[in-house]
Amino acid sequence: MAKYPLIKTTLKDRLLGGHYPEGLPLPSEPQLAREFEVSRMTARRAIDELEREGYVYRVQGAGTFPTGKRFRQGMFRVRPFKEWARHPEHRTTVLRAMQIDATPEIAIVLQIQPGDPVIFVHRLRTAGDESLVIEKRYINAHLAPALMEHNLGAESIHEVMVSMGVPLTRVEQNLEAVNLRQEEADLLRVPLGTAAFLLRRTTYSGPKRVSYVNYWVRGDRYAFQDSFEP
């Protein structure tokens, strides 16, 4: 099982929590390799992904430095799946839907144990001939064991879970700009490195984390807006 996702998640939590002061370098790749008991190549891969997502930057001969906490501003809402599916030109294709064992990274996010059963749903939303949104969702399988019996290309996963007796009480979400990797760029049919939105969303049922999802959204086709009282 790959160990770099766990290293990446741990380092990201430390960066967002202010564990590494701005202006001072992170531990070196050999130090990280010793701490996590992995190869230097594995540690480098975790750092590479954090650099790609904008959490750190490298200085030749000096090390890897935190970019600082990202500013968090306002709120935004995303249209529910049922509203998306209502449009006659909108389609949702299920690329994969299967039960998998939780990786260390997903186990941390869902607050379960590595190896626990997780339902993985990979979907692509299109409008006409354009691919617009990639979805990768991880669901605690103990809470929705019959989920894959439903038509996930047409039904809202949230509504299905509620119908199974899993009340959804809270959603946490984060929106940031990223550059698309090869897999996402190919699915959205845009060049490698194209800027896009990455929406991360965690859904709760009471204190339990039920679902974690990443949406890659084409930045040239979407805008987010909201209204509020100042």
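How many bridges join strand 4 to strand 5 (residues 130–140)? There are 10 of them, and the two strands run antiparallel; strands count as paired if DSSP finds at least two bridges between them. Welcome to a predicted model, in which local features need pLDDT of at least 70 and side-chain atom pairs count only at pLDDT 80 or more, while totals for chains, interfaces and linings use all residues. Residues are numbered from 1 along each chain as its sequence is written, and side-chain values use heavy atoms, with hydrogens and water left out.

**The chain as a whole**

- The protein chain has seven helices and eight strands; these are DSSP runs numbered from the N terminus, with helices (H or I) of at least four residues and strands (E) of at least two.
- Of the 230 residues in the protein chain, 40% are buried; here buried means under 20% relative accessible area, exposed means over 50%, and partly exposed lies in between (1.4 Å probe, protein chains only).
- Take the contacts in the protein chain between residues at least 6 apart in sequence: 59% of them join residues at least 24 apart. A contact means heavy atoms within 4.5 Å.

**Strand 4 and its partners**

- Strand 4 (residues 117–127) is mostly covered, with 10 of its 11 residues buried.
- On one pairing, strand 3 (residues 90–101) runs antiparallel to strand 4 and is joined to it by 11 bridges. Here M98 has F120 of strand 4 as its bridge partner.
- In the pairing with strand 5, V121 has R137 as its bridge partner.
- The hairpin of strand 4 and strand 5 has two residues between the strands, and G128 takes a positive phi near 65° in this hairpin.

**Salt bridges**

- The structure holds 15 salt bridges, each defined as a side-chain nitrogen of Lys or Arg within 4 Å of a carboxyl oxygen of Asp or Glu.
- One of them pairs R14 with E35, whose closest N and O atoms are 2.5 Å apart. Because R14 lies in helix 1 (residues 4–16) and E35 in helix 2 (residues 29–36), the pair ties together parts that are 21 residues apart in sequence. E35 counts as partly exposed, at 41% relative accessibility.
- R58 forms a salt bridge with D48, with 2.8 Å between the closest N and O atoms. R58 belongs to strand 1 (residues 56–59) and D48 to helix 3 (residues 40–52), so this pair ties together parts that are 10 residues apart in sequence.
- R58 also meets E51 in a salt bridge, at 2.5 Å from N to O.
- The residues of these two R58 pairs are partly exposed: R58 has 31% relative accessibility, D48 has a relative accessible area of 35%, and E51 has 32%.
- A network of salt bridges links E29, R40, R44, D48, E51 and R58.

**A buried lysine**

- K12 is found in helix 1. With a relative accessible area of 14%, K12 is buried.
- Leaving aside neighbours within four places in sequence, K12 is in contact with L50, E53, Y55 and R200.
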